[in-house]
Amino acid sequence: MNESGQWKPKIIAFLCNWCSYAGADLAGTSRIQYPPNIRVVRVPCSGRIDPFFILASLQNGLDGVLVSGCHPGECHYLSGNYSARRKFALLKGLLEYVGVEEGRVQFSWVSASEGVRFAKVIEEVTSHIKTLGPAKILVKNIPGGSFDVSAHP
Amino acid sequence: MSQLIHEIKEAARDFLRDGEDRTVIGFEQGSLPLQSRPCFIRKENDLERLVWNGFCKNNLAGYLPKRKGKIAIVVKGCDSRALVELIKENQITRDQLVIIGVACNGMIDRNKIEADMDGESIVDVEEGEDVLTIKGTNSSKVFDRKEYLYDHCKVCTNPVPVIHDILLGQRDSNTPQAPVNDTFSDLEDFSALDGKERWKYFTEEMNKCIRCYACRNACPMCYCPECFVDASRPQWVGKSTDLSDTMIFHLMRAFHLAGRCVGCGACEQACPMGVDIRKLNRRLQKDVMDLFHYKAGCNLEEKTPLATFRTDDSDSFMVEP
Amino acid sequence: MENPYIPFFMRIEDIVLETEDRKIKTFILAFVNEEDEARFSYVPGQFSEVSVFGKGEAPFGMASTPTRPEHLEFSVSAIGVVTEALHNLNKGDVIGVRGPLGNGYPIEKFKGKNLLLIGGGFGFSTLRSLTNYILHDPNRADFNDLTIIYGARNPGLLLYKADLEVWKKRSDINLHLTVDKEADGWKGHVGLVPNIVRSVAPGAENTFVVICGPPVMMKFTLPVVKELGFSDENIIFSLEMRMKCGIGKCGRCNMGNKYICSDGPVFFQSELARLTGEAHF
Amino acid sequence: MNSENVKLLNKERLDDFLKVLFRDCIVFGPTRKGNMLLFDRIESIDDIVLGRGNTMNSVKDALFPQKENLFNYRHGDEGTEIQKPSAEEKGMVLFGVRPCDAQGLLLLDKVFGGGQKDPYYIDKRSKVAIIGIACENPDPACFCLALGGGPCSTKGSDLLLIDIGDKYLVKAGTPKGIAFFEEKVFEDADDEALAKASLVEKKAEESMNRAALGEAGIGEALEKRLEKLFDDPIWGEVTESCLGCGVCTYLCPTCHCFDILDETVKSTGERIRIWDSCQFPLFTRQASGFNPRPSSKERFRQRIMHKFCYLPKNENLPGCVGCGRCVTKCPVNLDIREVIKKISLREAT
């Protein structure tokens, strides 16, 4: 929530150091506008993403998760993104199967030279998550007694 | 049935006579009606304990990881697929094993029978080819065997073990000898539900969970020396019965079994609270088949799908702006 | 009803880095509320559950002496979730403490006796408490000869170096320090604790021996002190086990029918010999 | 029997009695959740399910829940604050409790009420009334008689209802139970009703399966024998099939081991206690990695020793009431009765 009480989604983006992270940089240096809702975590490869990163993000109340890596054939470590692709395909299917809204968790390929594409991906992911509203599924709530958990920063 | 039991005993006897340091893992009569249970036999004198019936539900492959010495193991179709995966994952070697395969007729779900006994305690059971006669404290009831099978037995694609040294109990020429295609028809109705309704269903199921880990410990493929749920640094999953934690435990367990789960139902049989754990595994089995054309435990050569990849795997699920 | 699960607050006054491997720090804590200080009376050998809110609780023996009641000191080895969280705290941070828990050393029985204290590595913390208690004026006169044998893998891993310097200078205490292997500049003994005990320990007459250290040290020290003529009634161990509640409810720290948290952690060998249960060393 | 302690309750008036309970108290009882019969909080009379065997979980859940808040904490600008949970004001009734489960509470009373008292348990316990229902139809896994209980035992119950046809014979086991008799729904008991009730009891006791336990008794002899057999190879033999899960301990009405941990969101959180099980390796594994009970052999032994040796020594009660849950729900049918029998037949080596 911001001060006017309007909800703004918080989206965590796991970006591969060798492509999407540089793509994000390029988007920035090229002054391409994209929504400010993402929080970037730089990872060495999309293959480094443990499904737990994604589940922990949802559990901690983030409204969306994006994982972005190198296009097929362009992995810095040769095949990290291919292995990741198999994992993500299954994980995405499983999460949507239990009821996590389609689009809450997304995956993309963005290379270091694709600043425009990066901005478009963020645009699309953010606008989709805005239509979904705040995440509720899998979010962990701890009863805080009279301590109001949600109101605390 | 008694002929089959005799044959199992003889196969086990031959095995025990063949050398030193040998263990037979089979089934014996349990202490209660409708219960058979695992047994470990090392002496010929104890072979009399071996039984075979519709209650030999446990997947004995779970006792194999890192076991030493020669082992003869009694397996059903599904259990044999777990053997294949365990051999591939170097948990046991093929030449340690003498596999006594039994063509399976499906295992009977004790809970389903008990639910239909109107609160009467079960005293005895008589198992026929097609019917079960259950004697309660006051009355006797006849059950159609097929109706009361475990859910996973109802969708079994491979009653005959895929790997075996001795194959027993073949009686019906219609029984498929090799695994047939799984249609996943049991998932259709559920998958057609709205996401919210599926979430509601899983919420109710997971709220029943008491985190006893019987599902994990009964699973032949859950052999990690330290399960993610027991790890503390980092601690990915909380240990309480919080819905979110319980859900993530089951999701991740299912995910770790993707491409490895053979659908033996050991998890669900072990669960004291009747949680529909298999619903998750079934979906992953289906996805693994649809996306990677893989069915766990069917042959010793094929690589586990998450241990390999194809450059032309689909990326249709990804954002394409 | 008093709620034994609710900790009280203490503020970290100082943090002493004890060992060269940076794995052990001693936390010097001050009571936040005066009434807690007034209520907290303990004897050497007792322990407390220390809380880092958000990470959990872990048990530590009090390394401080009740003769200086304004502070509590805990030596913490960073090997788990709570202990690592503690190591990441700074002066001024507030943590929770529940205690005192456990029985502590049988001080009254020690009066008028000689004492032989044998400690190893990290297990020395409550023996330090006991030593400082005895050396505190006027307590010293209540006890006879005091001998300490304390060992660590190397000189850099010995705890409480400032105390050791003070003790070395005193004439009313026989201090034997030992390390496992020769080291540059080391002037003390070289050898494992049980071997040093065999060569330097005083006689068993009118003497209690108190042993606290890693399980393997305790295991090999027991036969040595028995050889020296100590009877089971005069051999005392302070034991450790995974503990949670600290009040004998949660069920994990039993040895036979005794709970280390509430019946111990200090046991006479004569009690241990009678117990059915897992040997803890 | 003293007539003050025995009354009759016409089955037609059971609802009237329950209405009184629901009006004044929070009611727990056997109820159906999906395909499971559970002992759980009940909102309306219609949700009570009687005569369908024992519940999957035991009644301990009501007084010693699987997850319990010990306190909340918050890190704020003024430092850390702690807030104790507020205790429930209303009384509690556990209705439809089996005699075995009621007996189990007697052990929990000793553990949580002895020595340093456990305020969370004690508070709930002081407000609860236990209304048991006799067991006419014991399961083949039941062995309460060996533990000094029985299908119509009043141990641990304030009131016990015995079904004698169109009426319940109601026995009061405590002053708290007798106080219920002030409700107008009860009638005086006659000799015929008493005779019927003892017939029910006799029939239930006779129908109990005694084979699994055989001649083995549970008591001082077993306690002594267990001490001698601590290092016996029998433990390895009986636990070969054990999966090491927590079913037996979590369903047990007397098992009470727990863990304490913190759950935090941002700067606010709660310290909770949750059930733990001696069957889990983590139960005793120390931070250094050393585990005094490294395999299921030692862990299973701990379970049996705790129940039949340590608790009898410390609390004068065994940690077992013969409810049979661990027997029926063990995924590999590792039957505690058979283990006791094997122990009692074993010559100490």
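Among contacts in chain A between residues at least 6 apart in sequence, 82% link residues at least 24 apart. The model is predicted. Chain A holds four helices and four strands. Along the sequence, these elements follow the pattern β-α-β-α-β-α-β-α.

The overall dimensions of chain A were examined next. The C-alpha trace of chain A spans about 55 × 35 × 25 Å along its principal axes. Its radius of gyration is 16 Å. A compact globule of 153 residues would have a value near 15 Å, so chain A agrees with that expectation. Of the 153 residues in chain A, 52% are buried.

Chain A also touches chain B. The contact takes 36 residues from chain A and 32 residues from chain B. On the chain B side, the elements that give two or more residues are α6 (195–208), α8 (243–256) and α10 (278–292). The largest share comes from α8(B), which gives eight residues. By class, the side of chain B that touches chain A has 20 nonpolar, eight charged and four polar residues.

A second contact joins chains C and D. Here, 33 residues of chain C are in contact with 41 residues of chain D. Several elements of chain D each supply at least two residues to the side that touches chain C. The strands are β4 (67–76), β5 (79–83) and β11 (258–265). The helices are α3, α4 and α10 (296–315). The most comes from β11(D), with six residues. By class, the side of chain D that touches chain C has 19 nonpolar, twelve polar and ten charged residues.

Helices α3(D) and α4(D), both contributors to the side that touches chain C, also pack against each other. Helix α3 covers residues 99–113 of chain D, and helix α4 covers residues 119–126. Their axes lie 9 Å apart, at an angle of about 135 degrees. The two helices are therefore oblique to each other. The crossing of α3(D) past α4(D) is left-handed. From α3(D), the contact involves D:Leu108, D:Asp109, D:Phe112 and D:Gly113. These meet D:Tyr121, D:Ile122 and D:Arg125 in α4(D). The residues of this contact divide into four nonpolar, two charged and one polar.

Terms used: Residues numbered from 1 in each chain as written. Chains lettered and ligands numbered in written order. Predicted model: local features only at pLDDT ≥ 70, side-chain atom pairs only at ≥ 80, totals over all residues. Axes fitted to C-alpha atoms, helices over the stretch in contact; angles between N-to-C directions. Parallel < 35°, antiparallel > 145°, perpendicular 65-115°, else oblique. Left-handed = near helix turned anticlockwise from the far one by under 90°. Contact = placed C-beta atoms within 7 Å. Nonpolar A, V, L, I, M, F, W, Y, C, P; charged D, E, K, R; others polar. Rg over C-alpha atoms; globule rule 2.2 N^0.38 Å. Buried ≥ 20, exposed ≤ 12 C-beta atoms within 10 Å, placed from the backbone.
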